[in-house]
Amino acid sequence: MVSLAQGERARLSRLLAAAGPEGPTLCEGWVARDLAAHLVVREGRPDAAAGIRVGALAGWTERVQGKVAGRGYEGLVKSFRSGPPAWSPFNLPGVDGAANLVEFFVHAEDVRRAVPFEPEPLSPELAEALWKRVPAVARFGDARAPLSLRLVHPDGREVSVRRRGTPVVTVRGEPGELVLFLYGRGARAAVTAEGAPEAVATLAHVLPLPDAGAGAGADAGTEPVA
């Protein structure tokens, strides 16, 4: 049975192949070739992947990723599609779903939403899996908001992240849209924000919103997921 993470790997592979090496993405400064190289390095070069999270090692990661990006694009996409090397930590039980589901979902949307796109409903299983990851992403993600957030699912469930002494902004949307918002892709996500105008403006400065102004989407770009 294909897991949700495996399904997103296949979807991302198809989108990368269709985009071509110079296709745009929502990752600042990256075309599809760079994104494919990032994905291959992340799973296959643990020595270089550390720089994705550790600033002191970022230079080494960039050099390795640049070298990998110089390979043939079809081979890069094929390498990613086939999965990590047998010795990779990403092959350990449970790691694929825990580490890759959100990564692949967000990057698939980085490719899909970098050009004019149509809404694409998620399966109930994928939507629920993404919703379960919203609390951790909201509390510990790279782009933590400098205020309190109330994230509301269409069915009324909600996740609150309180920061003492800060105003509350409510953001509503489907689980996938909320995940994209929390990863800085909100300018291309179907979310709405409610709260004091000053608080909403503060939030939009850190995590873009659909009405945050022209240029907040693909032109502005966002950092890669991990």
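The face of α9 turned away from its buried side carries Pro197, Glu198 and His205, which are exposed (exposed means over 50% relative accessible area, buried under 20%, and partly exposed in between, with a 1.4 Å probe and protein chains only). Helices (H or I, at least four residues) and strands (E, at least two) are DSSP runs, numbered from the N terminus. The model is a predicted one, in which local features need pLDDT of at least 70 and side-chain atom pairs count only at pLDDT 80 or more, while totals for chains, interfaces and linings use all residues. Residues are numbered from 1 along each chain as its sequence is written, and side-chain values use heavy atoms, with hydrogens and water left out.

In α9, which comprises residues 197–206, the buried residues are Ala199, Val200, Leu203 and Ala204. They lie on the same side of α9, because the arc that they cover around the axis is only 135° (the arc is that of the directions from the helix axis to the C-beta atoms). These buried residues of α9 pack against β1, β3 (168–172), α8 and β4 (192–194), where contact means heavy atoms within 4.5 Å.

## Ser148 in strand β1

Ser148 has its place in strand β1, and with a relative accessible area of 2% this residue is buried. Leaving aside residues up to four places away in sequence, Ser148 touches Val161, Arg162, Arg163, Thr166, Pro167, Val168 and Val169.

## Helix α7

Helix α7 has 17 residues (124–140) and should span 24 Å at 1.5 Å a residue, which agrees with the 25 Å between its end C-alpha atoms; the expected span is 1.5 Å times one less than the number of residues. A kink of about 35° lies at Arg133, shortly before the proline Pro135, the bend being the angle between axes fitted to the seven residues ending at a residue and the seven starting there.

The buried residues of α7 include Leu126, Leu130, Trp131, Val134 and Val137. The partners against which the buried residues of α7 pack are α1 (4–19), α6 (95–112), β1 (148–152), β2 (158–161) and α8 (175–185).

## The aromatic pair

A search of the whole structure finds 1 aromatic pair. The ring centres of Phe80 and Phe104 are 5.1 Å apart and their planes stand at 90°, so the pair is edge-to-face (rings of Phe, Tyr and Trp, the last by its six-membered ring, pair if their centres lie within 6.5 Å, and planes under 30 degrees apart count as stacked, over 60 as edge-to-face and the rest as tilted). The pair links distant parts of the chain, with Phe80 in helix α5 (residues 73–82) and Phe104 in helix α6, 24 residues apart. Phe80 counts as buried at 1% relative accessibility, and Phe104 counts as buried at 0%.
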